[in-house]
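Subject: Structure handover

Hello,

Here is the structure I said I would pass on. My notes on it follow below.

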Amino acid sequence: MDLSKEVEHGNLGPTAGDGGIIKLNGHRRVEDDLNYQNAQKNQLQYGESGVNEFSQENQRKYEKLANGSSRFPNDERYAPENFSNSVGVAEDSNCDPHGDHEKNVSCSVDTNCDDTNSASEFSEIVIDKREVRVGDSDDEPSPTEADVSKEKINGDVERMIRPHSHLPKPEAPPRLTIAEPDGDGYPPINRSQSLPEKTAIDMPSIGKFIREKSSSFSAAIVKRLSSLKDNDDLKSYIHSNLISNVTEFNLSGLKVIVKLKNESESGELEIKGRISFFSRSNCRDCSAVRSFFRERGLKFIEINIDVFPTREKELVERTGSSSVPQIFFNEKLFGGLVALNSLRNSGLFDQRMKDMLGRKCPDDAPASPVYGFDDHEEERTDEMLSIVRVLRQRLPIQDRLMKMKIVKNCFAGAEMVEVIIQHLDCGRKKAVEIGKQLARKHFIHHVFGENEFEDGNHFYRFLEHEPFIPRCFNFRGFPNDREPKPSAIVSQRLTKIMSAVLESYASEDRCHLDYVGISNSEEFRRYVNLVQDLHRVNIMALSADEKLAFFLNLYNAMVIHAVIRVGHPGGVIDRRSFFSDFQYLIGGHPYSLNTIHNGILRSNRRPPYSLVKSFGAGDKRLELAFAKFNPVIHFGLCTGTRSSPIVRFFTPQGVEAELRYATREFFQKYGMEVDLAKRTVYLTRIIKWFNMDFGQDKEMLKWILNYLDATKAGLLTHLLGDGGPINIVYQNYDWSVNS
């Protein structure tokens, strides 16, 4: 603790150790030598009698100093001060942080000044601080020479500050060389020698100053001790983690992860090249290659030619065929799954990889797919588009009153016929026929869905003006006016893209999805562009199996899209909005998740806790509802929750078998449990919600029996065969998102 800075600003700074100095009016009083110090202390302690015990030489030196002579002839004289002949000050100062000791400060002032020679006289203040313990006598002798630490500065003697003997000894900072310790065991402390300005004496501030500085000094010592303990803990923590590959240091506001490189890792060859392979969706061999690279922790680039169809030509040019998988190390062809298995079984895969990937990847290697660039495909323009553009410009579109309702953004059929006649210069009959063609292609709709198109006072609106359009998330500001693609091709393309999404961003068991990764992927961006082709697609052209696979896959894809766009619902009200308000425009009509599930797949049955069906009697979408209902469709739909069946996509050729497999997998894993002792069957809550699809309890259990493994089937058969009662308990449904 250095008090020189306080002194430099004009403060009176008594030291906190044994002995001290007084600085007054900008000058430093330095005692002549140790004899004078002892004389001064004896005078303060024993009075005038103590002076006679010293030699005449020391007494003359004392009188010379008392009469105002200066050891430094170049110094200014001390300014006169008016003090009483004796001043006694006693102040308690709690310098010890534990409060074990008290410091007594006594001040004795002796002045010899008169009116005529006041300029040449100065006042002397000597402060003696001694340590008083409980039980000590007041007649204890003054400190000896050994109690006072000294340091020579320019030939002078100065008393220094020393920490209390009970406090821990401070350690020197790193890379700092200090002198040998003195008799007290503490290294000497250098003091600033700058002279202070003139100051006034404020004795009460001395005790306050000592208390403040002692508190900060004790706090610094405690902080130092705690930091040493933390360092020891950190060293032991690092030492205990040296055997692991990754060490974590949790600092305040910062987390640092350092990978410690051992000798085995330092000897490995750094992979500078790139692994890439061509694949297809739903390919078992491609899945095996993908799993092999992931297990080894190797980074790779997958080029799915179902997602990027233009890359198939490149595959044929590089390999001579379109078969997949085809693995490339940099620009060199490695081979397919057979070559990979051969090298893995022989143990030469690592060496081959080092040989081929030890250099930087050249430019002629297969390029990585780039986000945001679509493949150039031939798009056919609709033959009716030119007429539609004319109608959009010339027809008077406005709000009208019809059947006591205000119908917005509509026009009359007669008005459209007149515009067609003027534009094509044709008869009225042909103009009406053109209007019917526009209605069949879903460019226009009757406002109430009563007819396709008729001449007269019937009102119609364009597809983009329908009130349900704002809720359709595959409508991006304008309708798709291109010639509609065949629905089978659109369905197949949708299945391949979403299968590629699952292969890249789903867990191995398909129970968890990386929605953030999906939303940022090129596959999902292409999917969002693809669903715009559904605006005016003709779903009626699909066969029964194609239609079943189309709506199953579309439902699962819409759930993923809905979670990304609007978020997964958290409560009952949010779930109702999630399944009803998120819609797609398909074939000119809106379809929500509830509409697809209950209206199409469940043959237009009432949803749970609802009194009305999805489609009314005159709804055009009712034509797409399945005439025959199969309960297994419930286990092919994923609602994006942890308790729902896993997400999967079906093929039109094997959709029935794939649905049975999905149902069997669901019941074998977690859809059902049997407790024979309690005669209780635990079932998924899906069966309770749609109990009308499964029949009564006995019939429902017999139906489930077909999809159980041997163990569960045996237990359930025993309960059904003994004629006793069976308790059915429905499991709690976990609505948290499957991420």
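Helix α11 (residues 413-424) lies across β13, β14, β15 and β16 and runs at about 15° to β14. Helices (H or I, at least four residues) and strands (E, at least two) are DSSP runs numbered from the N terminus. Axes are lines fitted to C-alpha atoms, for helices over the stretch in contact, and angles run from 0 to 180 degrees between N-to-C directions. Contact means heavy atoms within 4.5 Å.

This is a predicted model, in which local features need pLDDT of at least 70 and side-chain atom pairs count only at pLDDT 80 or more, while totals for chains, interfaces and linings use all residues. Residues are numbered from 1 along each chain as its sequence is written, and side-chain values use heavy atoms, with hydrogens and water left out.

The sheet: the 4 strands form an open sheet in the order β13-β14-β16-β15, with antiparallel pairing (two strands pair if DSSP finds at least two bridges between them). β13 (398-402) and β15 (444-446) are at the edges with a single partner strand each, so one side of each has no neighbour in the sheet. β14 (residues 405-412) and β16 (residues 459-462) are joined by 2 bridges; Phe 411 has Tyr 460 in β16 as its bridge partner.

The helix pair: the axes of α15 (residues 522-530) and α16 (residues 544-566) come within 12 Å and cross at roughly 110°. That makes α15 roughly perpendicular to α16 (angles under 35 degrees count as roughly parallel, over 145 as roughly antiparallel, 65 to 115 as roughly perpendicular and the rest as oblique). Phe 524, Tyr 527 and Val 528 of α15 meet Ala 557, Met 558, His 561 and Ile 564 of α16.

Regards
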